[in-house]
Amino acid sequence: MKLGFVSDSLGGMPLGRMLETAARLGVGGVEVNTGGWSAAPHFDLEKMKASADARKEFASAFAESGLEVICLNANGNPLHPTDPAQGECLKDTVRVAGEMGIGTVCAMSGLPAGCAADSVPNWVASSWPPETQEILKFQWEAKLFPFWAEIASLAKECGIERIALEMIANQCVYNVPSLLKLRGEIGSVVGANLDPSHLFWMGADPLAAAEALGDAIYHVHAKDALLNAPVQATTSLLETGSLTDIPARSWSYVTLGVGHGEDWWRKFCYRLKMAGYDGWISIEHEDVLLNSLEGLETSVELLRRVMPTAPPDFKPQEF
């Protein structure tokens, strides 16, 4: 496995300093945010789309630092009913990744409105009342399947082999069954970006998810979640409070090791190996209580202690 981090983890640094920091930390590469819900401080998507020289200069900056561009990440809602720019961001990211020879694009599945007359995304998190089933039918059959068929065709044209979807709330794909449902319809270009933090607070088990996904795991985010039991006891894990008010929340994104200890992350890495995954583990630091660099350093140190990096070489002795 190879270790890297998401560029927005150090979003306050200019590109050069961010790359210098990555090299100092000893990681192998950086996953680059391109837009959507990111201001993309390190990547000008319009410029990269228009200029081969800009793409070459960007790739050279990584190479000179001894780093790889792990993938491009267009995180956002590409099926937002009133913001088509998010869908265009994903399409442009696929095109630019193809031009740069980057084989993986990270994204989210998208969340449409609940019907053709609606104008806001609608996430169904319950099977009752009955109209929820009509919403789901509309979202998947009228919106999600056609959109991702188009993206799959575009990816093939651009030479993109893997689109890794983050399973996260407020998206149609948020757990293992929904990921496999879309993959079953669209094909193997669609796989999972397995981020334990989201599964933690939704009550799923990332270790079991790794086993269930198997070769559908195309990318891994390393992000932890703290479940705040005293608050959870009265509010549940359906949390709508401010992301910045960690003491008041029933769950929060935290630095690796705060929510789940080193032993859990060691088991997670081993379960990934058991599932056949030997790719990148990309740290995504979103802990609002810690300095971003300090939190990233802590996460790198933890993963270095638990990640397998050398190829296996054990063979039973002949006797």
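Trainee: How much space lies in the largest pocket?
Mentor: In this predicted model, the largest pocket holds about 530 Å³ of space. It is lined by 26 residues, and W37, I168, H198, L243 and Y253 are the closest to its centre.

Trainee: How do the lining residues of the largest pocket divide by class?
Mentor: There are 10 nonpolar, nine polar and seven charged residues in that lining.

Trainee: And how much space lies in the second largest pocket?
Mentor: The second largest pocket has about 400 Å³. Of its 22 lining residues, W123, V124, A125, Y174 and N175 are the closest to the centre. Two or more lining residues come from each of α5, α6 (176–186) and α7. By class, the lining of the second largest pocket has 15 nonpolar, six polar and one charged.

Trainee: Changing topic, how many residues has the largest nonpolar core?
Mentor: That core has 89 residues, and F5, W148, L182, L194, L272 and L303 have the most contacts inside it. Helix α5 (residues 131–158) gives the most to this core, namely nine residues. A separate core of five residues includes A169, W201, L237 and Y253.

Trainee: What is L194 in contact with, leaving aside its neighbours within four places in sequence?
Mentor: Its contacts include M167, L199, P206, L213, I217, F268 and L272. The histidines H219 and H221 are also among them.

Technical notes. Residues are numbered from 1 along each chain as its sequence is written. This is a predicted model: local features need pLDDT of at least 70, side-chain atom pairs count only at pLDDT 80 or more; totals for chains, interfaces and linings use all residues. Side-chain values use heavy atoms; hydrogens and water are left out. A nonpolar core is a set of buried Ala, Val, Leu, Ile, Met, Phe, Trp, Tyr and Cys residues joined through side-chain atoms within 4.5 Å. Buried means under 20% relative accessible area, exposed over 50%, partly exposed in between (1.4 Å probe, protein chains only). Helices (H or I, at least four residues) and strands (E, at least two) are DSSP runs, numbered from the N terminus. Contact means heavy atoms within 4.5 Å. On a 1 Å grid over the protein atoms alone, a cavity is a set of points where a 1.4 Å probe fits but cannot get out, and a pocket is an open set with protein on both sides within 12 Å along at least five of seven lines; lining residues have an atom within 4 Å of a point. Grid points are joined across faces, edges and corners, and a volume is the space filled by probe spheres set on the points. Ala, Val, Leu, Ile, Met, Phe, Trp, Tyr, Cys and Pro count as nonpolar, Asp, Glu, Lys and Arg as charged, and the others, Gly among them, as polar.
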